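Subject: Structure handover

Hello,

Please find the structure below. My notes on it follow.

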Amino acid sequence: MVDHELLAVLAEAQTAGFLGKAALDDHVDNGLGFAAAIRNAGAERGVDLGSGGGVPALVVARALPEFSVTCVDRGTRRCEFLDEAVVALGLGERVTVVEGDAEAVAREVNHEAAYDVVTARSFGPPAVTAEAAARFLAEDGILLVSEPPTAEAGTRWDAPAELAMLGLSYEGLFDAEDVQLAVVKRTAGGLADRYPRRAATVRKRPLF
């Protein structure tokens with residue numbers, strides 16, 4: 001069944017430059033791939049890094065009526081768009097928008113170790129995404145990252161020692177039709193206070 005309300009919101013995002021130029025159906029399919037992985041994991045609460053134009057967060061929220069998601073984005077205009085989109089799609093009880101660098105938001109008491117799953121699509125290279133995500137995750141929580149449809153899928157996460165520094169372990173790929181997601185798990189043990197570093201430092205000096 002076509003979700004016309006969702007497509008209308010995503011079209012707005014695309015017009016505003018918050019969403020890539022791919023066909024809207026392709027953006028929805030990518031979001032549904034995340035939804036399939038979240039459903040498979042039995043997750044109930046997630047945070048989406050760099051939510052921008054609403055993919056995957058809004059797609060997931062529409063597909064999974066029991067799932068709650070926090071959208072984190074550093075851009076004021078993108079957050080204003082997301083706030084309006086949440087209202088337009090009737091998702092106000094389950095979707096929250098937070099403006100700020102993910103690395104800083106993760107240190108706030110109501111976000112630290114508070115989520116079953118972190119999602120990321122075009123947020124940054126693996127090292128940047130992993131460091132930004134680690135402190136959000138509860139023990140045994142998972143990070144799901146959209147991977148390129150190339151032979152490099154998964155191999156980008158071949159950094160076990162560096163991931164272990166963040167309390168993370170690469171678990172492999174989740175395939176949902178044409179969507180491949182890297183699955184990275186939060187392992188037991190504490191995360192060193194120094195991680196995540198400031199956003200600018202993470203991007204300038206990634207761990208791997």
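Asp140 lies in strand 5, where helices (H or I, at least four residues) and strands (E, at least two) are DSSP runs, numbered from the N terminus. Its phi is near 75 degrees, a positive value in a residue other than glycine. Asp140 is partly exposed, with a relative accessible area of 48%; buried means under 20% relative accessible area, exposed over 50%, and partly exposed in between (1.4 Å probe, protein chains only).

This is a predicted model, in which local features need pLDDT of at least 70 and side-chain atom pairs count only at pLDDT 80 or more, while totals for chains, interfaces and linings use all residues. Residues are numbered from 1 along each chain as its sequence is written, and side-chain values use heavy atoms, with hydrogens and water left out.

The sheet

Two strands pair if DSSP finds at least two bridges between them.

Strand 5 pairs with strand 4 (residues 115-120) in the parallel sense over 5 bridges. Here the bridge partner of Val117 is Ile142 in strand 5. With strand 7 (residues 179-186), strand 5 pairs in the antiparallel sense, over 5 bridges. Ser146 has Leu181 of strand 7 as its bridge partner.

Helices on the sheet

Contact means heavy atoms within 4.5 Å.

Helix against helix

Two packed helices are described by the angle between their axes and the distance between the axes. For helix 1 (residues 4-16) and helix 4 (residues 76-88), the angle is about 165 degrees and the axes are 11 Å apart. The two are therefore roughly antiparallel; angles under 35 degrees count as roughly parallel, over 145 as roughly antiparallel, 65 to 115 as roughly perpendicular and the rest as oblique. Helix 1 passes helix 4 in a right-handed crossing. A crossing is right-handed if the near helix is turned clockwise from the far one by less than a right angle, and left-handed if anticlockwise. Helix 1 contributes Val9, Glu12, Ala13 and Ala16 to the contact, and helix 4 contributes Arg77, Phe81, Ala85 and Ala88. These residues divide into 6 nonpolar, no polar and 2 charged. For this division, Ala, Val, Leu, Ile, Met, Phe, Trp, Tyr, Cys and Pro count as nonpolar, Asp, Glu, Lys and Arg as charged, and the others, Gly among them, as polar.

Helix 1 also packs with helix 2 (residues 24-41), at an angle of about 110 degrees and with the axes 10 Å apart. Helix 1 and helix 2 are therefore roughly perpendicular to each other, and the crossing is right-handed. Leu6, Leu7, Leu10, Ala11 and Gln14 of helix 1 meet Leu24, Asp25, His27 and Val28 of helix 2. The residues of this contact are 6 nonpolar, 2 polar and 1 charged.

Loops

His111 sits in the loop between helix 5 (102-105) and strand 4. With 6% relative accessibility, His111 counts as buried. Leaving out residues up to four places away in sequence, His111 touches Thr70, Val98, Val105, Ala106, Arg135 and Phe136.

Ser122, in the loop between strand 4 and helix 6, has a positive phi of about 60 degrees although it is not a glycine. Ser122 is exposed, at 75% relative accessible area.

A cis peptide bond joins Val55 and Pro56, with omega about 10 degrees; Pro56 is in the loop between strand 1 and helix 3 (57-63). Another cis peptide bond joins Tyr195 and Pro196, with omega about -5 degrees, and Pro196 lies in the loop between strand 7 and helix 8 (199-204).

Regards

Notes
Axes fitted to C-alpha atoms, helices over the stretch in contact; angles between N-to-C directions.
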